[in-house]
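Student: I am new to this structure. Could you take me through one part of it closely, with the charged pairs included?

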Amino acid sequence: LEFITVLTADGAINGNGSEFEGLMRYDARIAVEDALKSKGLFQGKVPNKMRLGLCSRSGDVLEPMITPQWYVNCDAMAKRAADSVRNG
């Protein structure tokens, strides 16, 4: 399946968010709720015990986002550095 994202790197809604494109995520939540209400589709709110990921520095909510992952194998570099320290 194709991965579809609706957030830009800075937390705004991208082109996949249609009429909400360009809104920041918090503003978009309010706008989506208002749009649902205006169309008679809003079913209400209920408390949710879900735990949100929070940034340890800013306290911001961490939004899930699919991004490319990368890995660097540092074994050879670490061995050369350790050998250099041990052997001068």
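Tutor: Start with Leu-36. Its relative accessible area is 33%, so Leu-36 counts as partly exposed. Leu-36 sits in helix α1, which covers residues 25-38. Together with Val-32 and Leu-41, Leu-36 makes a nonpolar surface patch of about 230 Å². Keep in mind that this is a predicted model.

Now look at the charges on helix α1. Lys-37 and Glu-33 form a salt bridge, at 2.9 Å from N to O. Both residues belong to helix α1 and stand 4 residues apart, about one turn of the helix. Lys-37 is partly exposed at 43% relative accessible area. Glu-33 has 19%, and it is buried because the cut-off for that is under 20%.

Arg-29 pairs with Glu-63, and their closest N and O atoms are 2.6 Å apart. Arg-29 is in helix α1 and Glu-63 is in the loop between α1 and α2, so this pair ties together parts 34 residues apart in sequence. Both ends are partly exposed: Arg-29 has a relative accessible area of 42%, and Glu-63 has 26%.

Helix α2 has a pair too. Arg-86 and Asp-83 meet in a salt bridge at 4.0 Å, N to O. They are 3 residues apart in helix α2, about one helical turn. Arg-86 is exposed at 65%, while Asp-83 is partly exposed at 26%. Back at Arg-29, salt bridges with shared partners join Arg-25, Arg-29 and Glu-63 into one network. In total, the structure holds 7 salt bridges.

Terms used: Residues numbered from 1 in each chain as written. Predicted model: local features only at pLDDT ≥ 70, side-chain atom pairs only at ≥ 80, totals over all residues. Heavy atoms only, no water. Patch = residues over 30% accessible without salt bridge, like charges linked within 9 Å, V, L, I, M, F, W, Y side chains within 5 Å. Areas by Shrake-Rupley, 256 points an atom, 1.4 Å probe, with all protein chains shown as cover. Salt bridge = Lys/Arg side-chain N within 4 Å of Asp/Glu carboxyl O. Helix = DSSP H or I, 4+ residues; strand = E, 2+ residues; numbered from the N terminus. Buried < 20%, exposed > 50% of the residue type's maximum accessible area, 1.4 Å probe, protein only.
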